[in-house]
Amino acid sequence: MNPDSRRNKIGLLGPFSFGNLGNAALQRTLVEYLNQRFPDAEFYGCCIDPGESAKARQILPFPLSRHVPWPPKSGSVAPNRVKMDEYPEEPRPIREWVKRTPLLSGAWRRARTVWFKLKEVREELAFCYEALRFAREFRLLVIGLGGVFDEVWGGKWGDLYSFFRWAVLARLAGTPLVCLSVGVEQINSRLAKFFCRTALSLAAYRSFRDMESKQKVEAIGVTGKNQVFPDLAFALQQAGRRATAAAHRSLRAVGISPMAYCDPRFWPIKDFSAYQVYLKKLSSFVSWLLRNGYEVVLFSTQVSMDIMAIDELKALVLEELPLNLHARLSNAKLRTVDECLALLSQLGTVVTSRLHGVILASLVSTPVLAISPASKIDRLMEDMELKDYLLNIHGIELPMLVDRFLSLEANYEVVSRSMQRSVAKYGLAVETQFDLVFRSGLLIL
């Protein structure tokens, strides 16, 4: 577990962000801390803040899987996407004749399927060979990007298999794999459990962002020391200064962050009627806010997936709103974590359905009303003593939304101070974990 001292690369394993500012915040936290601990390190990351230039983020692309294309670094042995060979096409007249011949057409289809399967195997083996060479250049690999162990998003052959692959390659390369405050969502199939259990068991250190995630991995057989530490984003540096510097906060400005919940265009569980019901109820609440003198800013911490939800919510609101109130509704096109924190620090309250919408608002002490689609948000809101401002996404109605919002507004100072205490506690716990892993000698790096 003590790699060659000449290894100066650190890899941050995680799915591509697709505009996920929560993952970008996690990545920044890791880089800020590890850059202090290893000032000469060269960082590679799979999840990159889409609004920052490569020079600004100081992170190079990282090949999570063979399906991720990226420009190779000059002089590097880093694996690139394997170029797929073209299936040898028969002359068109012969091909058409084979397809029309009953005895030959079935054999032709089966042969074609086998050919493509063999190509996939060849590509995967080639990627693993190059990836092993790549892993040998690393000081360590870190998995620390939120709820990465999940079968629903991407399936068992998606990110779950990628983490399994990199865990095995890291062990073969003698490179420590560290799992920091990871989240575990749904792991149901036997193969998904195997990938998850093996990847975590091969880690030199592992911790989980909540007790529920820890219990899930222990239920599938991950034994040994499984610790619980808060989400890494709570240790994002400079967030505290932003909170105290929010001199331009408007208590009558409300941030609404809709999500593409069950939207068949983006969500793995496809239920367009559920998506429409969610947007309709949210639009009624936004209309109530505007009619009662509030300014509303629509925004998202998932700037790619939720952009259509914002547009469709805005259209629903404007349909039923008098023209003289249209100017009170705006939408902020956020690209970076800094832009998101700057906006949140200017708002009086925030309504969000995403975990890192809650966390980023907490970093700048902006009270949150959470419309939760997942238990991870429930647990966080309860632990922050904000259960009174937690609603289930399936049970929201306008009177309930209005009642909880008015209560949140009335208790603004109490809630804001409670959030500050929670953020301070969580931030200290995350820093304690960093010191435990990287300074105490737990890992010899």
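These legends go with close-up views of a predicted model. Local features need pLDDT of at least 70 and side-chain atom pairs 80 or more, while totals for chains, interfaces and linings use all residues. Residues are numbered from 1 along each chain as its sequence is written, and side-chain values use heavy atoms, with hydrogens and water left out.

**View 1. Here's the open sheet, with 7 strands paired in parallel**. The order is β3-β2-β1-β4-β5-β6-β7, with β3 (59–61) and β7 (227–228) as the edge strands, each pairing on one side only. Strands are DSSP runs of E, at least two residues, and helices are runs of H or I, at least four, numbered from the N terminus; two strands pair if DSSP finds at least two bridges between them. Strands β1 (residues 9–13) and β2 (residues 42–45) share 4 bridges, and G11 has Y44 as its bridge partner in β2.

**View 2. Y261 and W267 make an edge-to-face pair**. Their ring centres sit 5.7 Å apart with planes at 65°. Rings of Phe, Tyr and Trp (its six-membered ring) pair if their centres lie within 6.5 Å; planes under 30 degrees apart count as stacked, over 60 as edge-to-face and the rest as tilted. Y261 is buried at 9% relative accessibility, and W267 is buried at 12% (buried is under 20% relative accessible area, exposed over 50%, partly exposed in between; 1.4 Å probe, protein chains only).

**View 3. F272 and Y275 form a tilted pair**. The centres are 5.9 Å apart, with 40° between the planes. Both residues belong to helix α9 (residues 272–291), 3 residues apart, or about one turn. F272 is partly exposed at 40%, whereas Y275 is buried at 1%.
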